[in-house]
Amino acid sequence: MDRADCTALDADDPLAGRRAAFALPAGLCYLDGNSLGAQPHVVEHEWREGLIRSWNDAGWVDLPARVAQRLAPLVGADADEIAVGDSTSVALFKALGAARRLRPDRHVLLTEATNFPTDVHVAGGLAAALGDLEVRAVEPARLREALDDEVAVLFATEVDYRSGARHDAAALTRAAHDAGAVMVWDLAHSTGAIEVDLHRWDADLAVGCSYKYLNGGPGAPAYLYAARRWHEVLDPPVRGWFGHAAPFTFDVVWQPAAGAGRFVTGTPHVLSTAALETALEAFEGVTPALLDAKARSLTATFVTLVDERCGGEVALTSPRQAAARGAQVSLRHASAYALTQALIDRGVIGDHRPPDLVRFGFAPLYVRHVDVFDAVEVLADLLATGDWDRPEFHRRQTVT
Ligand SMILES: Cc1ncc(COP(=O)(O)O)c(C=O)c1O
């Protein structure tokens, strides 16, 4: 496969025009959308001139609902099933707490031992607060057999943050339901990158992150999905005035808002939610199926080129079959940290996950096949010359 093949793939790409919505520095192969998405062009706000009036005049008060409206088609949900706000960690606490209340006679929260640390910490914190819960963490392949009649909630991350391996979400949801458990998905590495279809999966609750593939900006708000069938009974463990049916009546009696709106707790994060609203405009008319197809094409191109050019110097840790991974490919290398720093120095931005992974995210909206080609050229050159082994590339920084 050569660069001309990649140019031809880009010429056929139905999402090619979307790249123009992003302010990407020239000459950079940005393959880290799985950590922080690129910046969309327009981020404006009404703070300086409108001041407090902007809650009404600029519609700040409806921002989370407007963002939910834009998000819904990307995750196969209806807008009133989505609440926007908080970090993914806090949203997960609310989702797990509410899910657990649907199964009060069971006492286990089941998850993957390899889940993202925050997910396990949040569940541990909930268990510690409630006192009658335990967290059971098993290898991903053992989730099904661990689903016994003690499990109240199965929570899992659809795309593994290290390997990029992707669960069969519909099948695992079915297994959870067959065992009488409630299913909660973490879609941090899925939303905006691959096909997410919460209705088809029959998911109960889910959370997702907007600063990765949705390009909402650093610290952009998370979202929480609550399936319509549970709306009348779901009770968020963190209640707040913005989740009340009528916040500006200042009623101290809890009357939850309709739908997932009850999971909004306090004043919306206007600055970051406004940036997210702008970022989501770039997804207008983009179906999850289109994202999925582009992610598969980009990751397959990367795997092919690494096989061809990197001569066994790195090992693929992501699944070989495109359908079994997200929009991410991870490679194992004994000095993965230094290799990642050397790549960044040469304009190829991925990231490192300990102990030995270099991780590349392929955001379908703005990464091109030629970027993949150029990135592998740099990687192959670094490996062939050993240039990654310079002392400065071994110096550790806080964020990897
Ligand atoms: C699977 C997963 N869940 C959650 C988070 C982070 O959540 P928060 O937005 O609370 O930092 C990450 C961050 O990378 C993640 O990979």
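Predicted model: local features only at pLDDT ≥ 70, side-chain atom pairs only at ≥ 80, totals over all residues.
Colleague: How many bridges join strand β10 (residues 328-332) and strand β13 (residues 357-361), and in which sense do the two pair?

Modeller: Two strands pair if DSSP finds at least two bridges between them; here β10 and β13 have five, in the antiparallel sense. Strands (E, at least two residues) and helices (H or I, at least four) are DSSP runs, numbered from the N terminus. Residues are numbered from 1 along each chain as its sequence is written, and side-chain values use heavy atoms, leaving out hydrogens and water.

Colleague: What is the strand order in the sheet, and which strands are at the edge?

Modeller: The order is β9-β10-β13-β12, four antiparallel strands in an open sheet. At the edges are β9 (315-316) and β12 (351-353), each pairing on one side only. Helix α10 (residues 288-309) packs on this sheet and touches β9, β10 and β13 (contact: heavy atoms within 4.5 Å). Its direction makes about 25° with that of β10 (axes are lines fitted to C-alpha atoms, for helices over the stretch in contact; angles run from 0 to 180 degrees between N-to-C directions).

Colleague: Where is the cis peptide bond?

Modeller: Look at P354 and P355, which are joined by that bond with omega of about 0°. P355 sits in the loop between β12 and β13.

Colleague: Which residues other than glycine have a positive phi?

Modeller: Two to inspect are D86, with phi of about 65°, and F250, with phi near 55°. D86 is in the loop between β2 (82-84) and α5 (88-101); F250 is in the loop between β8 (223-226) and α9 (270-281).

Colleague: Buried, partly exposed or exposed: how do D86 and F250 count?

Modeller: Buried means under 20% relative accessible area, exposed over 50%, partly exposed in between (1.4 Å probe, protein chains only). D86 counts as partly exposed because its relative accessibility is 22%, and F250, at 58%, is exposed.

Colleague: Which residues surround the ligand?

Modeller: Taking heavy atoms within 4 Å, the surroundings include S87, T88, F116, D119, H189 and Y211.
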